[in-house]
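Good morning, and thank you for coming. Please look at the sequence and the structure now on the screen, and keep both in view while I speak.

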Amino acid sequence: MANHDINLTVRKGTVHALCGENGAGKSTLMKILYGMQKPDEGTITVDGTQVSFATPGDAIERGIGMVHQHFMLADNLTVLENVVLGGEKLHGIGAKARKKILEISDAYGLGVRPDALVEDLGVADRQRVEILKVLYRGAKILILDEPTAVLVPQEVDALFANLRELKAEGLTVIFISHKLGEVLSVADDITVIRRGTTVGTADPSSTTPRQLAELMVGSELPSPETRESTVTEVPMLKVENLRLTATDPDGVVREVLAGIDFTIHKGEVLGIAGVEGNGQTELIDALMGLRDPDGGVITLDTDDISHASTRKRREDGIGYIPEDRHRQGLLLESPLWENRILGHVTERPNSRRGVLDLKAARQDTERIVREYDVRTPGIEVTAASLSGGNQQKLIVGREMSHAPKLLIAAHPTRGVDVGAQAQIWDRIREARHEGLAVLLISADLDELIGLSDTLRVMFRGRLVADADPATITPEELGSAMTGAATGHLEHPEDGDAR
Amino acid sequence: MRKFDKDRLILGLAGPVVALVVAIALTTVVLLVSGTNPIEPYRIMFEQVSYTDVQVLIVNQAGIYYLAALAVAIGFRMNLFNIGVDGQYRLAAMLSALVGASIELPGPLHILLIMLVAMLVGAFWAGIAGILKTTRGVSEVVSTIMLNAIATALVAYLILPKNFGVQPEGSNNLTTGEIAESGWFPGLSMGEGAGEIYGFTFVAVALGVLYWFVLNRTRFGFDLRATGASESAAQASGVDAKKMILTSMLISGAVAGLAGMPTLLGETHTYSLDFPAGVGFTGITIALLGRNSPIGIAFSALLIAFLDKSSASLDQHGYEKEIATIMQGLIVISVVVSYELVRRYGLRRQQQKVGEELAAGGAIKTDKEVAA
């Protein structure tokens, strides 16, 4: 049972936030509301009439629209084409449709240009196209699944302005998020889900993020550790003048990484901030040996690994938490214990002299499940049957089990609930204490600032700015991420004093 | 946990069972539509199995199919579709027969040499497709199909009397000359008139065991399976994808080369124009039906061999033996459809079950909970 005894009442013309741990059943609930899954019992009432949805089409007919976390747009089509795609019967595909799009865009301040190619749009613009797509189909109730996960703070503010606009026009928004601060700032009502059931509601005007988090997790949160620096003088990873070029489909050679220089010492967490697509993925690929750099030197401990194979790097002590766990971190249709072997097949306890040691691997998987709080009925189930947060905990457990010297963590807590998030952070802190060097790449600025000892900002394949996590604010970091500020970032007050 | 295992077994069997039932049902429909008695052909075919000589024929044929299907399965396990098994098999059989007939060595060495040549030729022919894929990104599906055609032409050319072929007196056939008796693989006699089981059939069984061990118990096998399950995840885990593609193509080709050995070493002792063709394609059907598992492939090899051999008698009873061919075709289609359906159902079902068990508090006790 993924959901039971769910009671949710959303008032018309409000923003209603839905929070809960990963695997708590938010997605299932949303799927039911959007007609992608049928409930076993219970009723859904829209505007006083009881309804039942067999397909998303039924939900759209009733005025319920969904903006998915992963955008569903065709890159090589224009905004107009994307919006009318599948809704050709509504207003045709020509002038009438364009007029309607502009009308909606103006009414809610979305600022959408119908003739722009989607591939030329940034993340925030794409999201607005998604919202417009739903409104175009006549939605009166919008479901937004983790809409802020991919946005920088300034964009989040813009999105919230849009949401308020929608609300003012009498539309209803259901907003799913992990980021409690955001929930409190935009929502009119909050419902918390835990273990598949609604456990309570909160009034955003009188609730603190901490209280909300505790409601979600169901217990008191561990208090954040006192921050003491564990940074040593011993360099663990040294990257000098790293350069990587890529040939795009038109045959043009572009520089995707240029002049990357940094050193991570033992016990240090180096955080890299940046809007996605500015070279972070390429940097990880070059460090992991998935792409061969065109220039520069990568030194791990004292060895030059610039052109070493991925397996060699892993054996040498690089742990890797990939940004896309489904693509790079897991074999979804394989059991958990095989996933525990993945990436460490040449190491103990997984194998001995070329032959797998299944018994030891299984035992160690059970240990990881216990120690890292992976919620699963057993280790024979496939990775696909775990919730995202639990999959991530398994990956973190696996990578930490081989005493890495360097951990490359890309969005280590993306899509992970607050409880698991705190756990993963604790693990990284613990390991850092014992001399682990960490390269942290994240879109969650609070995570970056909270975990890093040093911060760098990546923009268009270069490290353009650095900052001290002790003094920087998310907003300042956000503006450097858009390329507006470079060099050493400091507080305006500090700047004045200088 | 036991429950999950039982489920998996049932689901694993459900795919082939559903496929076979559907295939038989559809064949029956075809028989009905064509105005043929829908029961009688099956009865005749089953009756055949009671004869020892037919049993021997089926087992021998199954051994050949088993090797061909293993070759295909090795590719399938890492998402490579080696359609070229047939070409690799024919070219390898021809060249190894040629080498075997031109040299005389003491017993086991002679056989080993022929096997070695067959494996090398098969690996070489498949390796061309492997290299094209790793260096130029050519789909192995396209290149292996073309290599089949080239192999056909090459064999036809090499076997001309002016090249290496021999034309036996009073015959239109062309052969590569007879291999000396030291190069014959002894068989297991099943009694007077029943024929003998090729000795190489046992080699095929041993290869099945080796296949299972390498795939499920070695690092190499894990890397291969990981690559098949998710190439991106395998690469991030440290697998060199290009090397993997080339290696598995070479192994697949080498096994394909061995598929000609039961016939060559156990029966014909020469490669001739009427050497069985199409074995590699049947191997694809069998690997699909057997879900690339060594046991599953064994059963499906037996099944297809049964259809092949027992249908031969249909002609004598006034039925078309092509009924078996139609059935094989229908099996392929229903296998593909039913496996995908069962796979999706299984994944969904497990997700649901995990959700239910967790909600019911069935999770493994974790440290966090123990502490609380």
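Helices here are DSSP runs of H or I with at least four residues, strands are runs of E with at least two, and both are numbered from the N terminus. The model is predicted, so local features need pLDDT of at least 70 and side-chain atom pairs count only at pLDDT 80 or more, while totals for chains, interfaces and linings use all residues. Residues are numbered from 1 along each chain as its sequence is written, chains are lettered from A and ligands numbered from 1 in the order in which they are written, and side-chain values use heavy atoms, with hydrogens and water left out.

The span comes from a record. In an unreviewed UniProt entry, residues 9-34, 54-76, 111-132, 141-160, 197-215, 245-265 and 323-342 of chain B are listed under "transmembrane region". The positions are given in the numbering used here, feature names are shortened, and such annotations may be inferred rather than shown by experiment. For residues 54-76 of chain B, the end C-alpha atoms are 31 Å apart, and this span is also 100% helix and 0% strand.

Which residues does Thr285(B) touch, leaving aside those up to four places away in sequence? They are Ile304(B), Gln328(B) and Val332(B), where contact means heavy atoms within 4.5 Å. Thr285(B) belongs to helix α12 of chain B, residues 279-289. Thr285(B) counts as buried because its relative accessibility is 12%; buried means under 20% relative accessible area, exposed means over 50%, and partly exposed lies in between, with a 1.4 Å probe and protein chains only.

Nine of the 11 residues of α12(B) are buried, so the helix is largely enclosed by the rest of the structure. Among them are Val279(B), Gly283(B), Ile286(B) and Leu289(B). As a general point, an α-helix has 3.6 residues a turn, so residues three or four places apart point the same way.

After α12(B) comes Arg291(B), with a positive phi near 50°. Asn292(B) has a positive phi too, near 60°, and is not a glycine. Asn292(B) is placed in the loop between α12 and α13 (294-310) of chain B. Is Asn292(B) buried or exposed? Its relative accessible area is 13%, so Asn292(B) is buried.

Along the principal axes, the C-alpha atoms of chain B fill a box of roughly 90 × 55 × 40 Å. Buried residues account for 49% of the 372 residues.

Chain A has 19 helices and 21 strands. Its radius of gyration is 24 Å, close to the 23 Å from the globule rule for 498 residues, so chain A is as compact as a globular protein of that length. The C-alpha trace of chain A spans about 65 × 50 × 50 Å along its principal axes. In chain A, 56% of the 498 residues are buried.

First, Arg348(A) and Pro349(A) are joined by a cis peptide bond, with omega about 5°. Pro349(A) sits in the loop between α13 (336-341) and β15 (351-352) of chain A.

Second, Arg353(A) has a positive phi of about 45° although it is not a glycine. This residue lies in the loop between β15 and β16 (355-356) of chain A, and Arg353(A) counts as exposed because its relative accessibility is 77%.

Third, Gln392(A) is part of helix α15 of chain A, residues 388-400. Gln392(A) counts as buried, at 1% relative accessibility. Not counting residues up to four places away in sequence, the residues that Gln392(A) touches include Ile321(A), Arg325(A), His411(A) and Ile424(A).

Key: Rg over C-alpha atoms; globule rule 2.2 N^0.38 Å.
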